[in-house]
Amino acid sequence: MKKKILIIGGTGYLGQHLLQSYSESLDLSIAFTYHSSNPPDVLLQAVPNAVPFKVDLQTGHGFDSVSSTFGQPDIVVNCAALSIPRACETDPSLAMSVNVPFSLVKWLSSFTESNTFLIHLSTDQVYEGKNSYYKEENETLPVNVYGKSKVAAEEYISSNWSNFAILRSSIIFGPQTISPVPKSLPIQWMDSVLAKGQQTEFFHDEFRCPVYVKDVVNIIQILTNRWISDGKKMQLLLNVGGPDRLSRVQMAEAVARVRGYDASLIKQVSASSIDRGVKSPADISMDITCV
């Protein structure tokens, strides 16, 4: 029998890239959830074997339809989140209700066999940002509501589900999706402003480890294949980032160098000079070595 995989948040950036990748497999039955607008036709045509379900993660409405039509998934990849820090800061209750997967875990627990493998996307913003190259075992001290909601999600999953992988992802970059997402993509935005010849401010003192979207997809596929092949439950916490510790300035300089733009358009400023309405960690670069 084909293994069943359910992607929560399948119309988002990572979700669409996962759908594309998994749709190439003949050994999987694929379904995905969406929240508001119906999935665009261009996406449905690109992944015709993937079954869409409307699900409200706050209430759990829609999961019954997944149960009756698709059945219990063997793997769930939870990409859904309220991931704009300022929006989380404005409405902490909404951030917690969306980012902590209460309804998802409750639904998974309703099945007789509680062995679904849950892959949950977390964030590097669980770290405080006062050091460099954080390891998974380092203490989580988030400085904003978004990070706090993701720590709460990690703790909830660890306490209430026995088969999981939590991936603390840095900034994800890469090509646009089949159906373009409304959220601004970092590299595409840098490319657009530099292409216009506009001098633009970039932070020189905030550091991340940007990771290519297809590398994230590959990691998720490796974990999926491991679960399918050996069936051994996991309790895994993993930093997911690229190999380089970069500031926004360094990212913009790389774009300018590759695209041939004038690097003098890149104006270096301190993150503290701009009020973004939310506190942001200064250095959440991660150690991605695996022992």
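## Covered elements and charged pairs

Helix 1, spanning residues 13-22, is mostly covered, with nine of its 10 residues buried. The buried set is Tyr13, Leu14, Gly15, Gln16, His17, Leu18, Leu19, Ser21 and Tyr22. Please keep in mind as you look around that this is a predicted model.

For orientation, UniProt (in an unreviewed entry) places the feature "domain: RmlD-like substrate binding" at residues 4-288. Over residues 4-288 the chain is 35% helix and 20% strand, and the end C-alpha atoms lie 29 Å apart.

**A covered strand and its neighbours**

Next, have a look at strand 4, residues 75-78.

Strand 1 (residues 3-8) runs parallel to strand 4, and four bridges join the two. Within this pairing, Ile5 has Ile75 as its bridge partner. Strand 5 also runs parallel to strand 4, again joined by four bridges; here Asn78 is partnered by His120.

**Salt bridges**

How many salt bridges does the structure hold? There are eight. Side chains of opposite charge can pair when their charged atoms come close.

| Pair | Distance (N to O) |
|---|---|
| Lys130 and Glu128 | 3.5 Å |
| Lys135 and Asp287 | 2.5 Å |
| Glu154 and Arg168 | 2.7 Å |

The surroundings of these pairs are worth a look. Lys130 counts as exposed because its relative accessibility is 66%, over the 50% cut-off.

In the salt bridge between Lys135 and Asp287, the pair links distant parts of the chain, 152 residues apart. Lys135 belongs to the loop between strand 5 (117-123) and helix 7 (145-160), while Asp287 is in the segment after strand 13 (266-269). Lys135 is partly exposed at 35% relative accessibility. Asp287 has 15% relative accessibility, which is under 20%, so Asp287 counts as buried.

Finally, the side chains of Glu154 and Arg168 meet in a salt bridge. Because Glu154 lies in helix 7 and Arg168 in strand 6 (residues 164-169), this pair ties together parts that are 14 residues apart in sequence. Both Glu154 and Arg168 are buried.

Conventions: Residues numbered from 1 in each chain as written. Predicted model: local features only at pLDDT ≥ 70, side-chain atom pairs only at ≥ 80, totals over all residues. Heavy atoms only, no water. UniProt positions renumbered as here; feature names shortened; annotations may be inferred. Buried < 20%, exposed > 50% of the residue type's maximum accessible area, 1.4 Å probe, protein only. Salt bridge = Lys/Arg side-chain N within 4 Å of Asp/Glu carboxyl O. Pairing = 2+ DSSP bridges.
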